[in-house]
Number of protein chains: 2
Amino acid sequence: MDSNHTPLKHADAATALLALLASLLAPLSASAVEPKNPQQSVPTAAAACAACHGQWGEGNVATGFPRLQGLPAVYQVGQLEAFADGTRQNPVMTPLAQSLSASERVQLADYYAALVARTRGPGSAPSTHDEQLAVRGRWSEDIPGCVQCHGENGSGIGAAFPPLAGQPAAYLAAQLQAWQQGTRRGEPLGLMQRIAKQLSAMDVSAVADYFSAIPAGGKAPAAAPVPGSAPQAAPAAATAPGTAGGARGQGVFAPADTPIPDDGFGKVIQLGRNIFDNPVRYAGRYVGNDLRCTSCHLDEGRRVGSAPMWAAYVSYPAYRAKNGHVNTFAERLQGCFRYSMNGRPPPLGDPVLVALESYSYWMARGAPVDPNIAGRGYVKPPKPALAPDRARGAVAYGEKCALCHGERGEGRSANDGSPGFPALWGGDSYNWGAGMVNVANAAAFIKSNMPFSQGGTLTDQEAWDLALFVDAHERPQDPRYAGSVEATRAKFHDGDNSLYGQSVDGRVLGSHSPPPGGRLREHAAASAGN
Amino acid sequence: MDSNHTPLKHADAATALLALLASLLAPLSASAVEPKNPQQSVPTAAAACAACHGQWGEGNVATGFPRLQGLPAVYQVGQLEAFADGTRQNPVMTPLAQSLSASERVQLADYYAALVARTRGPGSAPSTHDEQLAVRGRWSEDIPGCVQCHGENGSGIGAAFPPLAGQPAAYLAAQLQAWQQGTRRGEPLGLMQRIAKQLSAMDVSAVADYFSAIPAGGKAPAAAPVPGSAPQAAPAAATAPGTAGGARGQGVFAPADTPIPDDGFGKVIQLGRNIFDNPVRYAGRYVGNDLRCTSCHLDEGRRVGSAPMWAAYVSYPAYRAKNGHVNTFAERLQGCFRYSMNGRPPPLGDPVLVALESYSYWMARGAPVDPNIAGRGYVKPPKPALAPDRARGAVAYGEKCALCHGERGEGRSANDGSPGFPALWGGDSYNWGAGMVNVANAAAFIKSNMPFSQGGTLTDQEAWDLALFVDAHERPQDPRYAGSVEATRAKFHDGDNSLYGQSVDGRVLGSHSPPPGGRLREHAAASAGN
């Protein structure tokens with residue numbers, strides 16, 4: 001694309017503009033923004049950037065010029081290209097980006113990416129409304145919490161989901177407005193454009209304030225408490241009654257979205273919610289991968305179409321063919337740890353189970369006790385016209401899924417190491433005993449919920465093809481392993497919907513299960529004295 | 001009363017009548033009815049009885065003449081007196097009874113009481129409607145199941161509640177009709193008169209058939225299954241929708257009274273119901289006394305005013321000040337075993353707890369999940385005008401309670417040894433940790449439910465006086481005993497409503513707790529190989 005314009009001419013105009021802008025800017029205090037590693041060699045072109053983005057790429061809160069420190073290089077290069085070709089429109093950046101050669105872009109991006117941001121110290125605490133949208137989203141309009149794609153501390157995930165933490169509020173707000181107005185485009189799957197267009201001015205301001213207050217590279221100022229400490233008061237309802245909480249369709253129960261009380265019961269409910277959002281942090285010794293409860297139960301367990309927890313709560317005790325006896329709700333929860341989280345079931349009565357049961361109870365208040373409650377489980381799509389096909393599934397996966405879950409289904413952690421998008425196969429994913437191994441379940445989940453925030457947009461055929469493709473990969477062994485793959489299949493996997501024990505590309509699935517990921521061992525070690 | 005008539009004259013008439021009757025009766029097969037111990041000396045007057053009641057007092061099914069074998073002597077003497085003075089009117093028995101002297105009555109009664117009835121072998125199985133009324137009652141009209149006062153096998157309890165098992169159906173029906181018509185009266189507290197008057201002709205026939213089919217001294221033909229065996233199908237609803245199941249008042253939830261399904265879940269629900277009705281039999285290794293779940297939770301846990309289980313189910317998990325943490329429903333159930341049943345809590349996940357949770361869930365179907373559900377717990381009566389008084393309570397106890405619970409609060413077993421009326425104090429009662437130790441709770445329970453089947457008839461003052469009187473007696477030690485009565489009181493019993501650690505008649509309650517009754521040891525021994 002660089003061949004389409006004349007860099008020098010644009011560079012002249014840009015230089016003049018930068019001089020003007022620089023003269024308007026108050027000097028920045030270097031001591032507050034100097035990165036931890038400023039000694040690396042500075043690309044020549046960085047001088048132009050520094051005028052607005054600061055000497056160390058620290059950005060400018062007052063003017064809203066974004067921080068570049070620590071932004072992923074691939075993301076920065078992509079943005080410079082987008083400025084250059086007009087996909088992202090900005091009167092200052094467009095000519096500047098057009099003036100840079102491809103190698104200059106890479107140099108600049110590598111430079112700023114390598115600078116480690118200093119923690120600015122705690123910012124102002126976010127308001128309740130800020131946190132509600134940033135952390136939990138508004139699923140009644142299919143808006144996920146920002147952190148669900150940008151990392152729990154806004155540290156960003158991979159190249160496609162840039163860090164938000166510590167960016168100037170004005171910059172963040174301007175970007176959301178740019179998505180709204182179409183002057184910023186080109187993001188994968190059109191994710192941001194659709195979401196931004198549903199945000200009110202107050203929403204934009206709220207999330208911009210929220211992330212600007214998080215130290216870059218630091219933790220969210222209103223970090224959730226550790227178990228046993230005082231709970232974080234839950235946000236008040238930010239959505240109108242009747243639209244809250246993922247209710248879909250007439251006559252379907254919608255859990256009340258009232259604040260969790262600050263009392264003895266409320267503390268346990270809040271702990272349950274924290275575990276639900278982040279089992280690695282709050283129940284680490286029982287989990288063996290990075291899945292969260294919210295990975296399968298969207299909107300913190302509220303959403304119809306993703307096995308909402310209020311519906312599960314009123315459906316147990318129940319007889320389960322899976323294990324041939326009546327399961328209490330607590331035992332059902334144990335199954336999630338053992339299979340989906342590839343971990344260890346907390347013992348009955350463990351505070352982790354009591355908290356999750358309490359949180360689910362809290363959500364279910366007002367729902368009728370009813371094993372057939374509308375909205376329970378997944379919404380099964382009809383069998384597609386064509387038999388599900390792995391090859392078609394692989395293509396669709398590359399187009400729609402790999403962005404978040406990785407080309408090899410390995411998932412993606414956030415840039416600060418916190419759990420990001422879950423692995424779909426391999427050692428870090430759910431094991432062969434999980435419900436999602438059932439292709440029909442997986443197809444149902446995918447149809448209702450994937451791509452994330454765009455549930456319902458895939459065809460039934462795509463959902464089935466994807467489910468087959470995903471579940472035709474190796475994953476950790478079934479914990480009920482009965483001595484041989486054949487015996488295990490006969491006992492637990494008979495039927496059309498499990499690929500366990502089936503031959504795929506010449507290998508029998510289940511016979512080369514990868515070792516489980518390091519999460520369980522890591523947490524077992526960390527909590528050895530617990 | 002014998003002084004008011006002329007025995008000889010009546011005896012002449014009676015003799016003539018008996019001769020007539022005897023000539024109409026087909027000879028009875030002695031082999032089928034001869035008691036196990038026929039060798040005892042026969043009172044002279046028994047010849048007159050034998051004409052109708054059979055050579056061994058075995059009764060006559062065809063004519064409905066009742067069985068006398070094994071009937072408690074006190075009961076028989078009482079009935080002869082009632083015939084004599086017209087409280088119980090019968091053209092044959094009245095002149096006969098009037099002809100007997102007091103000592104003859106005692107001789108006859110002792111004779112028949114001592115004859116042990118032979119088991120007649122299984123009778124015809126009772127119909128669903130029969131069992132519904134006989135076993136469970138119809139609490140929407142305050143009608144308990146017959147077995148609840150006459151023993152689970154109809155073997156009778158004490159002198160006041162005669163055996164029903166094996167009596168001719170015609171006799172039983174005639175007695176119920178006599179209560180209805182007022183030709184049989186004089187029973188304590190007017191219990192039978194009120195109940196009988198609410199029975200339809202079909203009801204009368206049903207319960208008469210039910211008990212006539214139970215072998216005298218045997219077990220009910222439709223005995224509930226032992227755990228693990230196929231469940232007994234639950235009776236279909238015998239009451240009209242809307243009046244079923246103990247619902248009281250507008251807007252209060254009424255559990256559906258549909259049959260328990262005959263499937264994997266239904267088996268566990270039915271086991272829970274069986275435990276609820278008879279924990280000694282179905283969960284014996286965890287109970288330390290003869291209380292049943294239904295002792296405090298009437299109508300099998302359905303009744304408003306006696307802490308209905310459907311309301312409890314939708315109220316947990318909840319924080320309990322009693323133990324300072326959030327309790328799941330399963331943990332709450334453990335408390336009943338530990339305190340009210342003075343036993344051992346089944347471990348979490350034990351089939352006993354799973355079954356009770358499943359049964360409670362079953363009852364709660366359709367109820368909203370709601371910690372404030374109408375009908376939860378006990379209905380607290382207002383504080384009475386006068387301070388509660390033990391002396392007044394003692395008088396009321398003698399008048400209203402001792403009939404069933406015994407003069408010394410020791411309870412009464414059925415004549416066949418099965419649990420009857422629960423002990424209210426002493427070693428066989430609930431221990432000092434039970435909720436019923438709280439005088440306000442006890443007053444609430446008494447007001448709503450006592451005398452049995454006559455809930456709501458006591459004044460608030462009587463309920464409080466009775467509660468204070470009952471709870472001012474010694475009982476098994478609080479399992480949370482903290483080294484001294486003072487320390488235990490300070491930790492668990494502070495406040496006005498517990499007498500634990502208080503001085504009563506010069507003795508500090510809790511300091512002379514009787515040893516627990518033998519039930520726990522007995523069952524521990526019986527289930528040692530379990």
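**How the two copies meet**

Chains A and B meet through the same surface, because 100% of the interface residues of chain A are also interface residues in chain B; contact here means heavy atoms within 4.5 Å. The model is a predicted one, in which local features need pLDDT of at least 70, side-chain atom pairs count only at pLDDT 80 or more, and totals for chains, interfaces and linings use all residues. Residues are numbered from 1 along each chain as its sequence is written, chains are lettered from A in the order in which they are written, and side-chain values use heavy atoms, with hydrogens and water left out.

A rotation of 180° with 0.0 Å of shift along its axis places chain A on chain B with an RMSD of 0.0 Å (least squares on the C-alpha atoms of residues with pLDDT of at least 70 in both). The two copies are thus related as by a two-fold rotation axis. In chain A, the residue that comes closest to this axis is Pro368(A), whose C-alpha lies at 2.1 Å.

Pro317(A), Tyr361(A) and Val369(A) supply 32% of the area that chain A buries against chain B, more than any other three residues.

Methods:
Buried area is the accessible area (1.4 Å probe) that two parts lose on being put together, summed over both.
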